[in-house]
Amino acid sequence: MRLVKTIYLDHAATTPTDPRVVEAMMPYFSEVYGNPSSTHSVGRKAERAVELARERIAGILNGERKEIVFTSCGTESDNLALRSFVVAAKERGERPHLLTAHAEHHAISHTAAQLARLMDVRVSWLPVRHDAIIGPESVYEALRGADGEPALVSLMYASNEVGTVQPIRELALAAHESGALFHTDAVQAAGQLSLDVKALGVDMLSLTAHKFYGPKGVGLLYVRDGVAIIPAQTGGGQEGQRRAGTHNVPLIVGMAKALELAYADLEAHIAHYRRLRDRLIAGVLATVPGARLSGADGDQRLPNHASFVIEGIDANALLMHLDLSGIAASSGSACNTGNPEPSDVLLSMGYAPSSALGSLRLTVGRQTTESDIEYVLGVLPDAVQRVRAVRESQGV
Ligand code: PLP
């Protein structure tokens, strides 16, 4: 057993903060500590840092400074997109229509379900293919004949659970041609796929810094100029009246630094991720009986993401075995680990509940090495075998 080093293969849950990001943030805790909303020079210094971060981020997104709204995380960004669209429609006396899917992160799917329950919002759940792709034709279909009704389509750029990359340009086009707005949760795509909002054609896009080697507790919502946002959280007039609350200056500075670092070296990171991911997928499929890749293949899959459904196992038991062998893995979504219910993402993709309970997600990162992958491939078949043997002995 190798207990010296933990092999961290859960980069979809979170990434370590890059030391260069920590260094960039440090002065903004106690040297440049002003409130960016204050009019005096101490506040203005902090405001300059926030505005510089905004400018840098807008550059990477190919957007405008005023189109960036800072938030506290990806969940808040997703909530802001959906809730502000609903509140704006309600204020005009209209019934809003949301279109999304059960394959989304709960920050979207649970928010949409709550809005349907409590706010009389019409929600259309789009069909999800077995590889988790959502076809643009389903957007046209769901919006056919819905003339004049304000509609927002919200579909994720890349899946946290199964790594599938959606055809975002085509989906955004389908929404626009049908008279709807389009939001994408790009939380998992950041640092791996282009975030050019103009090329993607999106109206809103959510990010969170901790998935691209930035700090936890800061995110953003890109809102295309011309799309009205009503704050989901009221209070001060920060962020152009779109998100009340004192700016978290160090974290905003850190997010901009992390995004710059991620996109400065994008090609090298992607090549590294792909090489390890492909070895991992080939190795698992070859050595673990009953393992199938979940989600899409090749270019329709996030470069760092390998996910499987393994028949006849309980994912949580497998994760415990792997942890004891020094491997940090996940069953799909960090928010769901420990939850004995099968993932609704896998159910929406057509997996039987018993299969969906056997999901394994391995996501590589900048520091992952080839020998880490070989170690995992050496440990996994035996761990699966043990978990299966326990289940069989219990007659499950
Ligand atoms: N959306 C997706 C696709 C995610 O993977 C996550 C985090 O796992 C979130 C939203 C939520 O982001 P945060 O943890 O910053 O709230």
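## The largest cavity

On a 1 Å grid over the protein atoms alone, a cavity is a set of points where a 1.4 Å probe fits but cannot get out. Grid points are joined across faces, edges and corners, and a volume is the space filled by probe spheres set on the points. With that in hand, the largest cavity here has a volume of about 110 Å³. Its lining is made of 17 residues, and those closest to its centre are Ala190, Gln192, Lys211, Tyr213 and Tyr273; a lining residue has an atom within 4 Å of a point. By class, the lining holds seven nonpolar, eight polar and two charged residues. Here Ala, Val, Leu, Ile, Met, Phe, Trp, Tyr, Cys and Pro count as nonpolar, Asp, Glu, Lys and Arg as charged, and the others, Gly among them, as polar. Across the whole structure, the search finds four cavities of 30 Å³ or more.

## How to read this model

You are looking at a predicted model, in which local features need pLDDT of at least 70, side-chain atom pairs count only at pLDDT 80 or more, and totals for chains, interfaces and linings use all residues. Residues are numbered from 1 along each chain as its sequence is written, and side-chain values use heavy atoms, with hydrogens and water left out.

## Around the ligand

Let us turn to the ligand. Around the ligand there are 13 residues, and the ones that come nearest are Thr75, Asp185, Gln188, Thr208 and Lys211; a residue is near a molecule if one of its heavy atoms lies within 4 Å of it. This shell has three nonpolar, seven polar and three charged residues. Helix α4, residues 74-91, gives the most to the shell, with three residues. Helices (H or I, at least four residues) and strands (E, at least two) are DSSP runs, numbered from the N terminus.

Several polar contacts can be picked out. A polar contact is a pair of N or O atoms within 3.5 Å; within protein, one must be able to donate a hydrogen and the other to accept it, and residues adjacent in sequence count only if both atoms are side-chain atoms. A polar side-chain atom of Thr208 is 2.7 Å from an oxygen atom of the ligand. The side chain of Gln188 has an N or O atom 2.8 Å from a ligand oxygen. Gly74 takes part through its backbone, where an N or O atom lies 2.9 Å from an oxygen atom of the ligand. Taken alone, the ligand exposes 390 Å², and the protein buries 90% of that. Such accessible areas come from the Shrake-Rupley method with a 1.4 Å probe; for residues, only the protein chains shown count as cover.

Where does Gln188 sit? Gln188 is in the loop between β6 (181-185) and α8 (197-200). Gln188 counts as buried because its relative accessibility is 8%, where buried means under 20% relative accessible area, exposed over 50%, and partly exposed in between (1.4 Å probe, protein chains only).

With a relative accessible area of 4%, Tyr213 is buried. Tyr213 has a positive phi of about 65 degrees although it is not a glycine.

Asn62 is found in the loop between α3 (41-61) and β2 (68-71). Is Asn62 buried or partly exposed? Asn62 is partly exposed, because its relative accessible area is 34%.

Arg83 lies in helix α4 and counts as partly exposed at 25% relative accessibility. Arg83 and Leu115 are 32 residues apart in sequence, and their C-alpha atoms are 7.9 Å apart in space.

## Buried residues in strands and a helix

Thr184 has its place in strand β6 and is buried, with a relative accessible area of 0%. Along the chain Thr184 and Ile108 are 76 residues apart, while their C-alpha atoms are separated by 9.9 Å. Thr71, in strand β2, is buried at a relative accessible area of 5%. A polar atom of the Thr71 side chain lies 3.2 Å from the backbone oxygen of Cys73.

Leu143 is found in helix α6, residues 136-143, and is buried, with a relative accessible area of 6%. From Leu143 to Met255 the separation is 112 residues in sequence and 36 Å in space, C-alpha to C-alpha.

Terms used:
On a 1 Å grid over the protein atoms alone, a cavity is a set of points where a 1.4 Å probe fits but cannot get out, and a pocket is an open set with protein on both sides within 12 Å along at least five of seven lines; lining residues have an atom within 4 Å of a point.
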